[in-house]
Amino acid sequence: MPDFDSSKAYAAQEEVFFDDGREIELLHYVYGRKDVNEIRGSPEKVLQAIDDFGRKKYMMNVGEDKGKIVGELIAEVELGGYIGYSCILFGNAVRKAGGKRYYSLERNPEFGAVISSLVDLAGLGDVVKVEIGSSDASIKRLHETGALEHIDLMFLDHYKPAYKTDLKLCEELKLVTPGSVLAADNVIKPGNPSYLEYVRATPKQKQEWTQQTNGQSAPDVRFQDKTVQQYANRGESTALHASPGNPKLVYDSKLVHSFEPTGDPDGIEISRCTGEE
Ligand SMILES: C[S@@+](CC[C@H](N)C(=O)[O-])C[C@H]1O[C@@H](n2cnc3c(N)ncnc32)[C@H](O)[C@@H]1O
């Protein structure tokens, strides 16, 4: 793993580190810059402007280091968009690779509006589609309308307990099948034991768990309270969609170590669905 370049480190994460007005502050910062006309139409420069802000005041995102790991794979849908950093990074990669669409699924409509504004500034409005709503509802809607027929690569970066349940929903809907790749952020910080256990399990183990859990939809008890409650301040439910998934799917899953934009160690779990038993 390459070392972290501390000269580009973001400011440390505070106790309250999002949804305190800093998302709108970011928009004023970016649009108020003297060089805003040079930024227009350049995804790279919009990302640099977000990074400049993040060095003064913490801004939650995948960051440059972990972004390189996912960017090599060309994602087409992300769960959790926030202010649009990963969306601009991966949407730009999709366009460069000749792709037509990158879906960013975001539950908070205010954050969704920030994503759209920065995506527009970056000139990616023709590629990126922001879907506002809970990820499970958006996945179901995109599947029902035929907008999303199959997922080649999905970036998971939203409510940590929902990584596993949303993956199972995608399996049930046959959006995730052999050939699909999943890139899951923050599997070290804050960690995601239930997701890692699932993508690293054999079909036999998964079939046993399906019988034991019987459709349970509460967050796994191994998550810290603050992770479970992270988005509950706006009354957002912590209940999870209970899908049977497809326990027959086989994944080849490995952890790639990297860093948060602050320099804190973290990792991305890359899981390739290699077959069905
Ligand atoms: C870590 S941030 C995403 C950062 C972004 N991927 C990036 O790297 O720039 C997580 C986002 O997921 C959103 N979120 C949380 N639970 C969600 C859900 N169930 N459905 C959709 N979005 C959700 C939050 O509102 C937040 O904006």
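Me: How do the residues of the shell around the ligand divide into nonpolar, polar and charged?

Reply: This is a predicted model, in which local features need pLDDT of at least 70 and side-chain atom pairs count only at pLDDT 80 or more, while totals for chains, interfaces and linings use all residues. Residues are numbered from 1 along each chain as its sequence is written. Here Ala, Val, Leu, Ile, Met, Phe, Trp, Tyr, Cys and Pro count as nonpolar, Asp, Glu, Lys and Arg as charged, and the others, Gly among them, as polar. On that basis, the shell around the ligand holds nine nonpolar, eight polar and four charged residues.

Me: Which of the 21 residues around the ligand come nearest?

Reply: A residue is near a molecule or strand if its C-beta atom, placed from the backbone, lies within 6 Å of it. Helix H5 and strand E2 each supply at least two residues of the shell; helices (DSSP H or I, at least four residues) and strands (E, at least two) are numbered from the N terminus. Of the 21 residues around the ligand, those that come nearest are Asn61, Gly80, Tyr85, Ser86 and Tyr159.

Me: How many residues of H5 are buried?

Reply: Helix H5 covers residues 85-96 and reaches 17 Å from first to last C-alpha, close to the 16 Å expected at 1.5 Å a residue (the expected span is 1.5 Å times one less than the number of residues). A residue is buried if 20 or more other C-beta atoms, placed from the backbone, lie within 10 Å of its own, exposed if 12 or fewer, and partly exposed in between. Tyr85 and Ser86 are among the buried residues of H5. Of its twelve residues, the number buried is ten.

Me: Why is one side of E3 and of E6 left without a neighbour in the sheet?

Reply: Strands pair if DSSP finds at least two bridges between them, and seven of them form an open sheet with mixed pairing in the order E3-E2-E1-E4-E5-E7-E6. Strand E3 (128-132) and strand E6 (249-259) stand at the edges, so one side of each lacks a neighbour, because each has a single partner strand.

Me: Which residue in E3 is the bridge partner of Glu106?

Reply: Strand E2 (residues 102-106) and E3 pair in the parallel sense over five bridges. Between them the chain passes through helix H6 (residues 109-121) in a right-handed β-α-β crossover (clockwise from the first strand over the helix to the second, with the strands pointing away from the viewer). In E3, the partner of Glu106 is Ile132.

Me: Which residue in the turn between E6 and E7 has a positive phi?

Reply: E6 and strand E7 (residues 265-276) pair in the antiparallel sense over eleven bridges, with Ser253 opposite Ser271 in E7. The two strands form a hairpin with five residues between them, and the turn residue with a positive phi, about 100°, is Gly263.

Me: Is Lys174 buried or partly exposed?

Reply: Phi of Lys174 is positive, near 60°, and Lys174 lies in the loop between helix H8 (162-172) and E5. Most residues other than glycine have a negative phi. Because Lys174 has 13 other C-beta atoms within 10 Å, it counts as partly exposed.
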